[in-house]
Amino acid sequence: MVAEIVGGYLAGSLAVMTDAAHLLTDLTSFIISLFSLWLSSKPATQRLSFGWHRAEILGALLSVFTIWLVTGVLVYLAVERLVTDDFTIEGSIMLITSGCAVVANIIMAVTLHQSGHGHSHGGLGHGHAHKNEKANNQKPNGVPSELIDMEQPDHGGRVQQANASVRAAFVHVIGDLLQSVSVLISAIVIFFRPEYKIADPICTFLFSILVLCTTFTIMRDILLVLMEGTPSGVKYSEVRDRLLAVKGVTAVHNLHIWALTMNQAMLSAHVAIDDSADAQTVLREMTQACFSSYNFHSVTIQMERQADLKPGCSLCENPNK
């Protein structure tokens, strides 16, 4: 990225600098991920009971605004060049810089392609669930609530998720490679035919659209987290039906599914069970269902008896689609 910024400045090429802006998107994502890992290691406080996990979302939001600002400046300069036609481009410097960018992307693509077919051992972590149980085998309503901590290991799923991340990164690098090749083609044209220098601002427009499309996807995910929306890949009705399928469950209400961060889904629900059902057994089956079918970071389930339900309760109604 630094090489393209310097090379683009020396060559007077906005297309090369726009390619660097695309790399800025990747770099800020890496920095935010590392920073959020450091913040997430800090313990939760009474004021921040969830800890510092949402710092990742705020950082991503700041990076998107920064990228929009940089892209806006480049587009403004490109429009100015088209209007005034008063600019020169050093074709040789642009050609060398874009050629180095293509080589760098090829090296990254080969490295990620080999990593994606590697072999891994062990898991990367475990899920964490808290269940608030209101039930007793002898007297349904005679026992105060007790908090039960359970950990559900997810070795194979996390390894598959890591491999999927590598494959996604490989696809992303292929996109970067195609963009770098486009800049290289523009550099070759300008090097041999300097009168076609208009190719540079035209490439700037095209690559700016590509950068903005990338940030719009990130912004959609950010807004979904900030609005406590159901995470992508998790269907509300499917989760509800999965809980209702557990033997002894008669009703599920106050079901909330949200994301603490982009990769940490949370679930809480009130579950009514039949009077003859064993609360501990039902609770264990629902917990296993949540962790085996979905990669939830935390699950909180409050057990209730069917007699505890209040007819006409607005909170017990299912949300609209």
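**Figure 1. The packing of helix 7 in a predicted model.** The buried residues of helix 7 pack against strand 3, strand 4, helix 8 (279–293) and strand 5 (296–305). Helices (H or I, at least four residues) and strands (E, at least two) are DSSP runs, numbered from the N terminus. Contact here means heavy atoms within 4.5 Å. Which residues of helix 7 (residues 236–244) are buried? They are V239, R240 and L243. Seen down the axis of helix 7, these buried residues fall within an arc of 100°, so they line one face of the helix. The arc is that of the directions from the helix axis to the C-beta atoms. As a reminder, an α-helix has 3.6 residues a turn, so residues three or four places apart point the same way. "Buried" stands for under 20% relative accessible area, "exposed" for over 50%, and "partly exposed" for values in between (1.4 Å probe, protein chains only).

*How to read these views.* Residues are numbered from 1 along each chain as its sequence is written, and side-chain values use heavy atoms, with hydrogens and water left out. This is a predicted model, in which local features need pLDDT of at least 70 and side-chain atom pairs count only at pLDDT 80 or more, while totals for chains, interfaces and linings use all residues.

Figure 2. The protein chain has eight helices and five strands. Read from the N terminus on, its elements run α-α-α-α-β-β-α-α-α-β-β-α-β. Of the 321 residues in the protein chain, 38% are buried. Among the contacts in the chain with a separation of 6 or more, 74% are between residues 24 or more positions apart.

**Figure 3. The second largest pocket.** About 330 Å³ of space lies in this pocket. Of its 17 lining residues, the closest to the centre are P231, S232, M262, N263 and A265. Two or more lining residues come from each of helix 6 (199–226), strand 3 (249–261) and strand 4 (264–273). Which element gives the most to the lining? Helix 6 does, with three residues. Sorted by class, the lining has nine nonpolar, seven polar and one charged residues. Here Ala, Val, Leu, Ile, Met, Phe, Trp, Tyr, Cys and Pro count as nonpolar, Asp, Glu, Lys and Arg as charged, and the others, Gly among them, as polar. Domain 1 (1–116 + 164–227) and domain 2 (236–308) both give residues to the lining, so the second largest pocket lies between them. These domain bounds come from an automatic or database domain assignment. A pocket is found on a 1 Å grid over the protein atoms alone, as an open set of points where a 1.4 Å probe fits, with protein on both sides within 12 Å along at least five of seven lines; lining residues have an atom within 4 Å of a point. Grid points are joined across faces, edges and corners, and a volume is the space filled by probe spheres set on the points.

**Figure 4. Two residues with positive phi.** Most residues other than glycine have a negative phi. E228 is not a glycine, yet has a positive phi of about 55°. Look for E228 in the loop between helix 6 and helix 7. N254 is not a glycine either and has a positive phi of about 55°; N254 sits in strand 3. Is each one buried or partly exposed? E228 is partly exposed, with a relative accessible area of 40%, whereas N254 is buried, at 19%.

Figure 5. A289 belongs to helix 8 and is buried, with a relative accessible area of 2%. Not counting residues up to four places away in sequence, A289 touches R242 and Y294. A289 and V246 are 43 residues apart in sequence and 8.5 Å apart in space, C-alpha to C-alpha. F296, in strand 5, is buried, with a relative accessible area of 1%. The C-alpha atoms of F296 and L267 are separated by 7.2 Å, although these residues are 29 residues apart along the chain.

**Figure 6. S180 in helix 5.** S180 is part of helix 5 (residues 155–192) and is buried, with a relative accessible area of 1%. What does S180 contact, leaving aside its neighbours within four places in sequence? Its partners are D19, A101, V102 and N105. S180 and S98 are 82 residues apart in sequence, and their C-alpha atoms are 6.4 Å apart in space.
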